[in-house]
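Here are some questions about the terms used for this structure. Each answer sets a value against its definition.

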Amino acid sequence: MSAPLLSLNEVTRTYTSRKGLFGTPVAVQAVAGVSLEVRPGETLGIVGESGSGKSTMGRMALGLEAPDSGSVRFDGAAMPDPGSESWRSLRKRAQMVFQDPLGALDRRLPVADQIGEPLEIHGIGDKAARAAAIARSLEMTGLSADHGRRFPHELSGGQRQRVIIARALITDPELLVCDEPVSALDVSIQAQVVNLLIDLQAERGLAMIFISHDLRVVRQISQRVAVMYLGHIVEEGTAEEVLRDPQHPYTRALVSAAPVPGARQRQRVILTGEPPNPAARPSGCAFHPRCPLATDRCRAEMPVLTRLAPGRRAACHLIQHTPAGMAAK
Amino acid sequence: MTDMLAPSVPAKPARRRWSLPWYVTASLFWVGLMLITAVFADLLMPHSFTALDLKYRLVAPFQSLAHPLGTDELGRDVLSRLIVSIRISLLIAFGATLISAVLGTTLGFLAAHFRGIVEQIVLVLADFQAAMPFLILALSVLAFFGNSLPLLVGLMGLYGWERYARIARGLAIAASAQGYATAVSQLGAKPGRVYLRHILPNIASTLIVSMTLVFPEVILLESGLSFLGLGVQPPMTSLGNMVGYGREYITRAPWIMLTPSVVIVLTTLAISLLGDWLRDRLDPTIR
């Protein structure tokens, strides 16, 4: 197994938010002690509800935000501080695809200029080389030269997302973080964009972190999946294993909510109770108020993420940590 | 019925760039005329603007070929004085508007970029400027430091900067929240590039409209100061200065005061109309 391109080690990020005019600031732990690794050419899907900290984790993985504690290492070196010179030059090696492509584009510039902007920023190539790179990038993402001359508002949502991908890939990055890249698109367009990402990744050997709340999309694109709940990873493994045989009760509820074409409708696990609120974390296992299997131990003690099998981890008191136990469940 | 259905047809007319509304054409013409007058004032003046002609005092307009717009109480040619006045007033107004726009926008961007203490200082300064009657500030500065054209331009340059600062700060913060500025800085761009290449063009339309609002006010302010005798000093002349000294003759020789007044009104009106039109033109989404 090759060395990881990106590794997060026990990273924590806490925000403070204030309620009302005279309210006391409340600490909100968006990400709490998460460790992850991404190897070159691998796609890691991160699944979770809103408020689970998956976007914050994506931002820390890219170095856009520094963790409060823990460390992020990119290609063996520590992630430089945001805004520093070395951080800037690292931007060409790690790029981001956003949820809202219209918001991420400058509406006053033709999109071709914006696609070429990373080259200008990092001083790569001369004018002719840049124009050629822009043309290649447009073609690679399935856009025509005519699309390049248009303004962002003259393109459709899917085309805009292609523009964002073209811009992100023009510097030939090694890591791409996609933060909900398709959740604002129509289902038919979603498939096109996801397929484009899969093709590009296969072609270029990109490492990718794919953040989404949509399990079907994540299943399609990722080799490995990490499920997050209230800032913690509750389960991690290959996409195949996690989705076929979920161990954590939360993952089971997620998987049962996503229909599989061709399979018989299984027993659905319907989650009850409040959606998670990071400002008011339950004691013990954060999932216990909604967990159908919760015991007294879950209310009192926080489960740790334990290794079940090579590359397979879960955080739940109810899982017997033996391969036999897994099978029995 | 057909009228109601018509807009639903995806009619995308070719972008007609040069069909201007008539009032914009008229405004452009007037502002162009004023600029030409200001630049070529020396060539256009029929007489020296200080030349006395005591035989022809208070000649009404259109009475004499030598003095088409009449003469004032000392027999000076009103047309020549008007031409020089336009040059001086436009110089002050353009200079001051530019200074305040650059100063205000820079401070606004600094506030938006650094936030924290820098932002607080800029905002307190802006509040202070807004709370202080500018005329009183101008009067005290001119009273203490005497009077010269550069000082006057610099002083006027302080007028209205707080508006640009507030606009620039608010829009820059909004732009960062919107994403395109964040997206570009995530590509590794330095703050200078983010602000000058992306945020400034995006908010320029608002700033330009704000400039066209401040510009007439500066002309009027200069006129007011000159009227009070604190602006441009004789023998130099400006539009406000002419109005101020012409008021004594308003009943006997109204043209001395009315000609510069008409120029002030038309110029400020033309610039306001242009600004309004520019705001719409500068937005690519409603082209």
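Q: How many helices and strands does chain B have, and what makes a stretch count as one?
A: Chain B has twelve helices and zero strands. Helices (H or I, at least four residues) and strands (E, at least two) are DSSP runs, numbered from the N terminus. Along the sequence the pattern is therefore written α-α-α-α-α-α-α-α-α-α-α-α.

Q: What kind of model is this, and how are its parts numbered?
A: The model is predicted: local features need pLDDT of at least 70 and side-chain atom pairs pLDDT 80 or more, while totals for chains, interfaces and linings use all residues. Residues are numbered from 1 along each chain as its sequence is written, with chains lettered from A and ligands numbered from 1 in the order in which they are written.

Q: What makes a residue of chain B count as buried, and what share does?
A: A residue is buried if 20 or more other C-beta atoms, placed from the backbone, lie within 10 Å of its own. Of the 287 residues of chain B, 38% count as buried.

Q: Which residues make the contact between chain B and chain A, and how is a contact defined?
A: Two residues are in contact if their C-beta atoms, placed from the backbone, lie within 7 Å. The contact takes 15 residues from chain B and 20 residues from chain A. On the side of chain B, helix H9 (180–186) and helix H10 (191–227) each supply at least two residues.

Q: Why is chain A described as having domain 1 and domain 2?
A: The bounds come from an automatic or database domain assignment, which divides chain A into domain 1 (6–93 + 173–266) and domain 2 (103–172). Their C-alpha centres lie 25 Å apart.

Conventions: A residue is buried if 20 or more other C-beta atoms lie within 10 Å of its own, exposed if 12 or fewer, and partly exposed in between; C-beta atoms are placed from the backbone.
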